[in-house]
Amino acid sequence: MSAPKMAAGGVATGPLRYLLMALGCLAVAAGTVGVFVPLIPTVPFLLLATFCFSRSSARLQIWLYNNRLLGPYLRNYLQRKGLTKRQLWSSLLSMWLGMAIAIFLAPVLAVKIGLAVICVCVTIHLLRMKRLTPES
């Protein structure tokens, strides 16, 4: 398993570095909750965390990438370019349930249409990805 790459632009310094680390940790927490709660997506939060850690902390990025629970989601998406059938269906279910609630609560028709278009586009993207067998 290869190590993740740090950002090409280099690592942030000063307060920005700590802000990115904090945002990455919050994204990891949300992604972890998403593993167990169907309405919360996992992969987008983990991708956000990877982005933040790649610009703030190589140690945290490597920890996340090699994490026993969260690492397979990242490796499947980033390296293997696919999702397991379980990841696909849980992603679609959580996304559509969350979007249905957001569409229902949105007060403006244009926002409702925009959310529906985004949901359809993400669904198409996920369905076009290859199916993977679970990692051993």
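**A guided look around the model**

Visitor: How many helices and strands are there in the chain?
Guide: You're looking at a predicted model, where local features need pLDDT of at least 70, side-chain atom pairs count only at pLDDT 80 or more, and totals for chains, interfaces and linings use all residues. Residues are numbered from 1 along each chain as its sequence is written, and side-chain values use heavy atoms, with hydrogens and water left out. Helices (H or I, at least four residues) and strands (E, at least two) are DSSP runs, numbered from the N terminus. On that basis the chain has six helices and two strands.

Visitor: How far apart are the end C-alpha atoms of helix α1?
Guide: Helix α1 takes in residues 14–36, which is 23 residues. The expected span is 1.5 Å times one less than the number of residues, so α1 should span 33 Å. The model agrees with that, as the end C-alpha atoms of α1 are apart by 35 Å.

Visitor: What covers the buried residues of α1?
Guide: Buried means under 20% relative accessible area (exposed is over 50%, partly exposed in between; 1.4 Å probe, protein chains only). In α1, the buried residues are L20, M21, G24, A27, V28, G31 and G34. Their cover, counted by contact (heavy atoms within 4.5 Å), includes α2 (43–54) and α3 (58–66).

Visitor: Is L20 buried or exposed?
Guide: L20 sits in helix α1, and leaving out residues up to four places away in sequence, L20 touches A12, C52, R55 and S56. C-alpha to C-alpha, L20 is 8.8 Å from F51, although 31 residues separate them in sequence. With a relative accessibility of 13%, L20 counts as buried.

Visitor: What is the relative accessible area of A22?
Guide: A22 is another residue of helix α1. Its C-alpha atom is 9.7 Å from that of S56, 34 residues away along the chain. A22 counts as partly exposed, with a relative accessible area of 39%.

Visitor: Which residues is V28 in contact with, leaving aside its neighbours within four places in sequence?
Guide: V28 is among the core members that touch the most others, and it is one of the buried residues of α1. Past those sequence neighbours, V28 is in contact with A49, F53, W63, L64 and L70.

Visitor: Why is α4 largely enclosed by the rest of the structure?
Guide: The cover over the buried residues of α4 includes α1, α2, α3, β1, α5 and β2 (130–132). Those buried residues are G71, P72, Y73, L74, R75 and N76. So α4 is largely enclosed because its buried residues number six of eight.

Visitor: What is the relative accessibility of Y73?
Guide: Y73 is found in helix α4. Beyond four places in sequence, Y73 is in contact with V35, T42, V43, L46 and Q87. Y73 counts as buried, at a relative accessibility of 15%.

Visitor: What volume does the largest pocket have?
Guide: On a 1 Å grid over the protein atoms alone, a pocket is an open set of points where a 1.4 Å probe fits, with protein on both sides within 12 Å along at least five of seven lines; lining residues have an atom within 4 Å of a point. There are 29 lining residues here, with T42, Y73, Q87, S90 and S91 nearest the centre. Grid points are joined across faces, edges and corners, and a volume is the space filled by probe spheres set on the points. For the largest pocket the volume is about 630 Å³.

Visitor: Which element gives the largest share of the lining of the largest pocket?
Guide: At least two lining residues each come from α1, α2, α4 (71–78), β1 (82–84), α5 (85–105) and α6 (109–128). The largest share, seven residues, comes from α5.

Note on methods:
Core = buried A, V, L, I, M, F, W, Y, C linked by side-chain atoms within 4.5 Å.
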